Amino acid sequence: MTETVSIVIVSHSQDIAKGTADMVRQMVGSEVKVAFCGGNPDGGLGTSVPLIMDAINDAWSAKGVAILVDLGGAETNSEMAVEMLEPARRDLVVVCNAPIVEGAVMAATEAAGGSSLAQVKAVAEELSAD
Amino acid sequence: MSLQPETFRSLIKVAAEQVIASAPELTTLDQAIGDGDHGSNMKRGCEAVLGKLDAISAQPLDEALKMIGKTLVMTVGGASGPLYGSFFLAAGEALSHDKHLPDDLADVFGSAVDAVSARGRSHVGEKTMLDVLVPVLETLKAAAGQPDLIARIRTTATDALARTAPMQATKGRASFLGPRSIGHLDPGARSSCVLVQAVCASLEGKQ
């Protein structure tokens, strides 16, 4: 099987993150690796840099990882998590500026076709274009 | 202003304890214009720093600041984790590269403030922690070496915090409120003010 770009979903809510991942798996299948995380280090609403790093490493693909986020702190913490990865991995992870559910489904659909990380990101971000 | 290891240790302790003590107030401010988690997030981060106080204060200053930064990044759980984390990581990084205290204090603080600005893609006037940190940096530059430096920094921080109330937020969760963010102090500016005042109080006690 050819490796595809992977998807990581980062929400303030564990339930939203899991639900989004479930939707991606049902609509796109299991050929694209999907990891998710939600909640702060105490399990309340929020995001956590170490959990995001774990999700990226769990979903790791040599073709790259596209992260979908919900609100501001999820984006800031995801950017921080990418910078704290081992240097060889940092350039292969992008945070997409896209709505989390639609973006994750569109990104995974594009990834399933074998597209590059840049193409996957571009397709997800079309959803945010005016 | 010299910074002996014992001074540094008590300075971190006082600053972290002050933030923890202000957590209810930070939460109240954040409930007004944010998502209400700034107090609990900062409390969790500062408790983690206190838990590592021995290990942190055993390091040289640059490594100690980086350890504080990394601890905040890994434990805070909100956007303030990477923002404050980047502040301390950049300060430590500056000290690892030929900057020394107290002579280069303004340069080191400036690097740290720049890191916050880059991390948040934000600038002064947007009702954020930068609205306290940038005026403090300006006072550090203008009053470096003056005998009343600490008093001037205290006044600067308090005045700068008050000026966030009439601002309309354009960054962060508060920006969703648009004009309704006006009239409330910014919670991030408040936590920055608490930190600056705690460091000043600690240094005054040691002079």
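**Reading a two-chain model**

Mentor: Let us begin with the radius of gyration, which is taken over C-alpha atoms; the globule rule for it is 2.2 Å times the number of residues to the power 0.38. For the 207 residues of chain B, a compact globule would have a value near 17 Å, and the 16 Å of chain B agrees with this. Please note that this is a predicted model, in which local features need pLDDT of at least 70, side-chain atom pairs count only at pLDDT 80 or more, and totals for chains, interfaces and linings use all residues. Residues are numbered from 1 along each chain as its sequence is written, while chains are lettered from A and ligands numbered from 1 in the order in which they are written.

Trainee: What does the globule rule give for the 130 residues of chain A?

Mentor: The rule gives 14 Å, and chain A has 13 Å, so chain A is as compact as a globular protein of that length. Along its principal axes, the C-alpha trace of chain A spans about 40 × 30 × 30 Å, and that of chain B about 45 × 35 × 30 Å.

Trainee: How many helices and strands does chain B have?

Mentor: Helices (H or I, at least four residues) and strands (E, at least two) are DSSP runs, numbered from the N terminus. Chain B has 10 helices and 0 strands. Chain A has 6 helices and 4 strands, arranged along the sequence as β-α-β-α-β-α-α-β-α-α.

Trainee: In what order do the 4 strands of chain A lie in the sheet?

Mentor: Two strands pair if DSSP finds at least two bridges between them. In chain A the order is E2-E1-E3-E4, an open sheet with parallel pairing. Strand E2 (34-38) and strand E4 (93-96) of chain A are at the edges with a single partner strand each, so one side of each lacks a neighbour in the sheet. From one strand to the next, the twist averages 20°.

Trainee: How many bridges join strand E1 of chain A to E2(A)?

Mentor: There are 5 bridges between E1 (residues 6-11) and E2(A), and these strands run parallel. Val8(A) has Ala35(A) as its bridge partner in E2(A), and Ser11(A) has Gly38(A).

Trainee: Which helices lie across the sheet strands?

Mentor: For such angles, axes are lines fitted to C-alpha atoms, for helices over the stretch in contact, and the angles run from 0 to 180 degrees between N-to-C directions. Two residues are in contact if their C-beta atoms, placed from the backbone, lie within 7 Å. H2(A) lies across E1, E2, strand E3 (65-69) and E4 of chain A, at about 175° to E2(A). Helix H5 (residues 100-112) of chain A also lies across E1, E2, E3 and E4 of chain A, at about 170° to E1(A).

Trainee: Are the residues of E2(A) buried or exposed?

Mentor: A residue is buried if 20 or more other C-beta atoms lie within 10 Å of its own, exposed if 12 or fewer, and partly exposed in between, with C-beta atoms placed from the backbone. In E2(A), 5 of the 5 residues are buried, so the strand is largely enclosed by the rest of the structure. Val34(A), Phe36(A) and Gly38(A) are buried on one side, and Ala35(A) and Cys37(A) on the other. Buried residues make up 53% of chain A and 51% of chain B.

Trainee: How many residues has the largest nonpolar core?

Mentor: A nonpolar core is a set of buried Ala, Val, Leu, Ile, Met, Phe, Trp, Tyr and Cys residues joined through C-beta atoms within 7 Å. The largest has 100 residues, and Ile7(A), Val8(A) and Ala107(A) are among those with the most contacts inside it. Its largest share, 9 residues, comes from helix H6 (residues 80-96) of chain B. Not counting residues up to four places away in sequence, Ala107(A) touches residues including Ile7(A), Ala66(A) and Cys96(A).

Trainee: Where is Val196(B) found?

Mentor: Val196(B) is in helix H10 (residues 187-206) of chain B. Val196(B) is buried, because 22 other C-beta atoms lie within 10 Å. Val132(B) is 64 residues from Val196(B) in sequence, yet 9.0 Å away in space, C-alpha to C-alpha.

Trainee: How many residues of chain A are in contact with chain B?

Mentor: On chain A, 14 residues are in contact with 15 residues of chain B. The largest share of this side of chain A, 5 residues, comes from H3(A).
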